[in-house]
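Biologist: I am new to this structure and would like to go through the terms used for it one by one. Could you set each value against its cut-off for me?

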Amino acid sequence: MVNKVRVNIAGTPYAIATTDSEKYILGLAKKLDEDITKLLDTNDNLSVTKAAVFCAMDYLDEYRKSTGSAENMRSQIQDYIADAARAKLAEDKALAENAVLRREAAALREQLAKERQRETRREERAARAAAETAQEQPAPEAPAADSAQADETN
């Protein structure tokens, strides 16, 4: 919707057709009126037109600098987003690698436990076999000197 806003800039009335709010346009007109009036008050030889041109140059300078600054910020934000995406990929890769290593470690712990159980069973079988072998062997005979003494005492 087009609004018709009446403003007064440097003593001259203007009717501005705009889609912006009346409050916004009045604020712009007030700023422009203050800037032109300030230039006219500080320089008696300056016409309203020249003061308006100086204000326009100043505003254009501010606009270009802010546009450049905005472009710089956009570029920095894009760099930050790219860095964040790379960091997220690196994190995902590290998490996946961590999961693989955890599974491998669990498998190795399980394998180690099985090997320990096998070793324990081998040791138990070896101990039983040694015990069985010891039971099957006859008791050692007494030395001959001992048997001679036994005969003398009888």
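Modeller: Let us begin with E110, which has a relative accessible area of 48% and is partly exposed. Please keep in mind throughout that this is a predicted model.

Biologist: Why does K114 count as partly exposed?

Modeller: The relative accessibility of K114 is 42%, and partly exposed covers what lies between buried, under 20%, and exposed, over 50%, so K114 counts as partly exposed.

Biologist: What makes the contact of the E110 and K114 side chains a salt bridge?

Modeller: A side-chain nitrogen of Lys or Arg has to be within 4 Å of a carboxyl oxygen of Asp or Glu, and the N to O distance for E110 and K114 is 3.5 Å, so the pair qualifies as a salt bridge. The two residues are 4 residues apart in helix α2, and therefore separated by about one helical turn.

Biologist: Why is R86 called exposed, and what is D83 called?

Modeller: R86 has 51% relative accessibility and exposed means over 50%, so R86 counts as exposed. D83, with a relative accessible area of 38%, is partly exposed.

Biologist: What makes D35 buried?

Modeller: D35 has a relative accessible area of 17%, and buried means under 20%, so D35 is counted as buried. D35 sits in helix α1, residues 22-42, and, apart from its neighbours within four places in sequence, it is in contact with C55 and Y59. Over the whole chain of 154 residues, buried residues make up 7%.

Biologist: Which residues form the largest nonpolar core?

Modeller: That core has 9 residues, namely V5, V7, I9, I25, A29, I36, L46, A51 and C55. At least two of its residues are supplied by each of β1, α1 and α2. V7, setting aside its neighbours within four places in sequence, is in contact with residues including Y14, I16, I25 and A29.

Biologist: How do you know that strands β1 and β2 pair?

Modeller: Two strands pair if there are at least two bridges between them, and β1 (residues 3-9) and β2 (residues 12-18) have 7 bridges in the antiparallel sense, so they pair. Within this arrangement, R6 has A15 in β2 as its bridge partner. The two strands form a hairpin with 2 residues between them, and A10 in the turn has a positive phi of about 55° although it is not a glycine.

Biologist: What makes up the nonpolar surface patch, and is Y80 buried or exposed?

Modeller: The patch is made by M73, I77, Y80 and I81 and comes to about 450 Å². Y80, found in helix α2, has 54% relative accessibility, and exposed means over 50%, so Y80 counts as exposed.

Note on methods: Residues are numbered from 1 along each chain as its sequence is written. This is a predicted model: local features need pLDDT of at least 70, side-chain atom pairs count only at pLDDT 80 or more; totals for chains, interfaces and linings use all residues. Side-chain values use heavy atoms; hydrogens and water are left out. Patches are made of residues with over 30% relative accessible area and no salt bridge: like charges are joined within 9 Å, nonpolar side chains (Val, Leu, Ile, Met, Phe, Trp, Tyr) within 5 Å. Accessible areas come from the Shrake-Rupley method with a 1.4 Å probe; for residues, only the protein chains shown count as cover. Buried means under 20% relative accessible area, exposed over 50%, partly exposed in between (1.4 Å probe, protein chains only). Contact means heavy atoms within 4.5 Å. A nonpolar core is a set of buried Ala, Val, Leu, Ile, Met, Phe, Trp, Tyr and Cys residues joined through side-chain atoms within 4.5 Å.
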